[in-house]
Amino acid sequence: MSRSDFRQARRVVVKIGSSLLTDGGRGLNKPAIAGWVAQMAALRQQNVDVVLVSSGSVAEGVSRLKLKARPKTLHELQAAASVGQMGLVRCFENEFERHALLAAQVLLTHDDLSDRQRYLNARSTLLTLLNFGVVPVINENDAVATEEIRFGDNDTLGALVANLVEADLLIILTDQTGLYDANPSLNPDAKLISEISVNDALLDEVAGGSISGLGRGGMYTKVRAARLAARSGAATVIVSGKIEDVIGGVFQGGQLGTFLIPNLEPLVARKQWLAGQLQIKGSVTLDDGAVKILQTAGKSLLAVGVTAVRGGFKRGDLVSCRDTRGTEIARGLINYGAEDAAKIVGKPSSEFEALLGYADEAELIHRDNLVLV
Ligand SMILES: Nc1ncnc2c1ncn2[C@@H]1O[C@H](COP(=O)(O)OP(=O)(O)O)[C@@H](O)[C@H]1O
Ligand SMILES: N[C@@H](CCC(=O)OP(=O)(O)O)C(=O)O
């Protein structure tokens, strides 16, 4: 993969760090935010889906509450984040509105992405927002995220969101030009790394922590995020948010910041990621027509093509799709639990509501969540 491929990206996650957003802790940098929003709006104009992961709630809360320093206790941090998040969303909403775009606040905790059912729910919500042309503005749900369930840094959250929505590109905007071969805040001779494979062991040596006291992870969590994002095939660029039209420049393949090259093609990566995610919890038997459609047309699996259901799986679990001889054809994340799936097999989605009393997705397994074996 090379930078010129970024132009083909259909879905981009932009992550903006605390120190940038709050201008080194001096309160929200509104002119800069206006600039990034304009750049994201330009991507939307080109029909590229944009998801924003924005930090800054704690830093903005500290500034609004006029605290002298970032609080140390968790409850004070949570209170500061709650105050600051108001400022963040107000600012983003105003700015997106100028470009006739709707934004949506989505606050996530680690649990939301590790629990299969909530993972699927979060995914459906985000994809639905993107279908509506809305820009989701995501942050960690700091008010309730206790130590055990924290992502802690938004680089990790950005990468998990990139996995969740299967983004092609993760752009991490920070206060440095990119990743250097040593921390440039401490070493004036440090040199910028323009491109490097996410697998390169050098990364483990050069990526240090944050020293500003505003951000949390430094380059260490950004490198880890790039590796996580690469698991579903996304490329990552770590770049300064201060460069003019930085988002557009990266998207056009400009030599900006550090490009962390994913090690696998998106499709292969996605397949491995899905397969490696979980244990198989059950199986569904497909009729010959459904087998053919899955194998040749890359379509979603509909209940109408399923003849039987086995196992005690829940919504969001990984199930194996087998032909009538029992040979595995594909595996994927199923949208209905075993009990409900058994009620709708062989039926068109128009009958789901009458059969179940509710209707969720029209597909039993969406093609994005399905990999051929
Ligand atoms: N090798 C490196 N190259 C660049 N910056 C580094 C490196 N190692 C550590 N850093 C630190 O990482 C910081 C950026 O991360 P962080 O403060 O968490 O910002 P953000 O809020 O954008 O996530 C830089 O300001 C720098 O001090
Ligand atoms: N959720 C926290 C962000 C954590 C954080 O500081 O992240 P980052 O600046 O990206 O290293 C907040 O909004 O303040």
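Trainee: Okay, where is the place of T174?
Mentor: T174 is in strand 5, which covers residues 169-174. Keep in mind that this is a predicted model.

Trainee: Is T174 buried or exposed?
Mentor: T174 is buried, because 26 other C-beta atoms lie within 10 Å, and 20 or more is what it takes to be called buried.

Trainee: And what does T174 touch, not counting residues up to four places away in sequence?
Mentor: With those neighbours left out, T174 touches G17, L20, I238, S240 and G241.

Trainee: Which residues does the UniProt annotation "binding site" cover?
Mentor: That annotation comes from an unreviewed UniProt entry, and it covers K15, T174 and D175. They span 161 residues in sequence, but no two of their C-alpha atoms are more than 12.1 Å apart, so they gather at one spot.

Trainee: Where is K15 found, then?
Mentor: K15 is in strand 1, residues 11-16. K15 is buried too, since 29 other C-beta atoms sit within 10 Å. Leaving out residues up to four places away in sequence, K15 touches V53, N154, D155, G158, L170, I172 and L173.

Trainee: Let's zoom out. Into which domains is the protein divided?
Mentor: There's domain 1, at 3-270, and domain 2, at 278-372. Their centres, taken over C-alpha atoms, are separated by 35 Å. Domain 1 puts five residues into the contact and domain 2 puts in six. On the domain 1 side, the residues touching domain 2 are two nonpolar, one polar and two charged.

Trainee: Where does UniProt place the feature "domain: PUA"?
Mentor: The unreviewed entry has that feature at residues 282-365. In the model, this span is 26% helix and 25% strand, and its end C-alpha atoms lie 13 Å apart.

Trainee: I'm looking at helix 12 now. Which residues are buried there?
Mentor: Helix 12 runs over residues 288-297, and A290, V291 and L294 are buried in it. They cover an arc of only 105° around the axis, so they're on the same side of the helix.

Trainee: What's exposed on the other side of helix 12?
Mentor: Over there you'll find D288, G289, T296 and A297 exposed.

Trainee: What do the buried residues of helix 12 pack against?
Mentor: Strands: strand 9 (280-286), strand 10 (306-310), strand 11 (318-322), strand 12 (328-333) and strand 13 (370-372). Also have a look just after helix 12, where G298 takes a positive phi of about 60°.

Trainee: Is K66 buried or exposed?
Mentor: K66 counts as exposed, because it has 6 C-beta neighbours inside 10 Å. E166 has 19 inside 10 Å, so E166 counts as partly exposed.

Trainee: Back to helix 4. What about A80, is that buried or exposed?
Mentor: A80, which is in helix 4 (residues 74-98), counts as buried because it has 24 C-beta neighbours inside 10 Å. Not counting residues up to four places away in sequence, A80 touches V58, G61, V62, L65, L67 and P71. A80 and D142 are 62 residues apart in sequence, and their C-alpha atoms are 9.1 Å apart in space.

Trainee: One more residue: where is the place of K343?
Mentor: K343 is in helix 13, residues 338-344. K343 is partly exposed, since it has 16 other C-beta atoms within 10 Å. Beyond residues up to four places away in sequence, K343 touches L355 and L356. K343 is also 35 residues from A308 in sequence and 10.0 Å from it in space, C-alpha to C-alpha.

Conventions: Residues are numbered from 1 along each chain as its sequence is written. Chains are lettered from A and ligands numbered from 1 in the order in which they are written. This is a predicted model: local features need pLDDT of at least 70, side-chain atom pairs count only at pLDDT 80 or more; totals for chains, interfaces and linings use all residues. UniProt positions are given in the numbering used here, feature names are shortened, and annotations may be inferred rather than shown by experiment. Helices (H or I, at least four residues) and strands (E, at least two) are DSSP runs, numbered from the N terminus. A residue is buried if 20 or more other C-beta atoms lie within 10 Å of its own, exposed if 12 or fewer, and partly exposed in between; C-beta atoms are placed from the backbone. Two residues are in contact if their C-beta atoms, placed from the backbone, lie within 7 Å. Domain bounds come from an automatic or database domain assignment. Ala, Val, Leu, Ile, Met, Phe, Trp, Tyr, Cys and Pro count as nonpolar, Asp, Glu, Lys and Arg as charged, and the others, Gly among them, as polar. The arc is that of the directions from the helix axis to the C-beta atoms.
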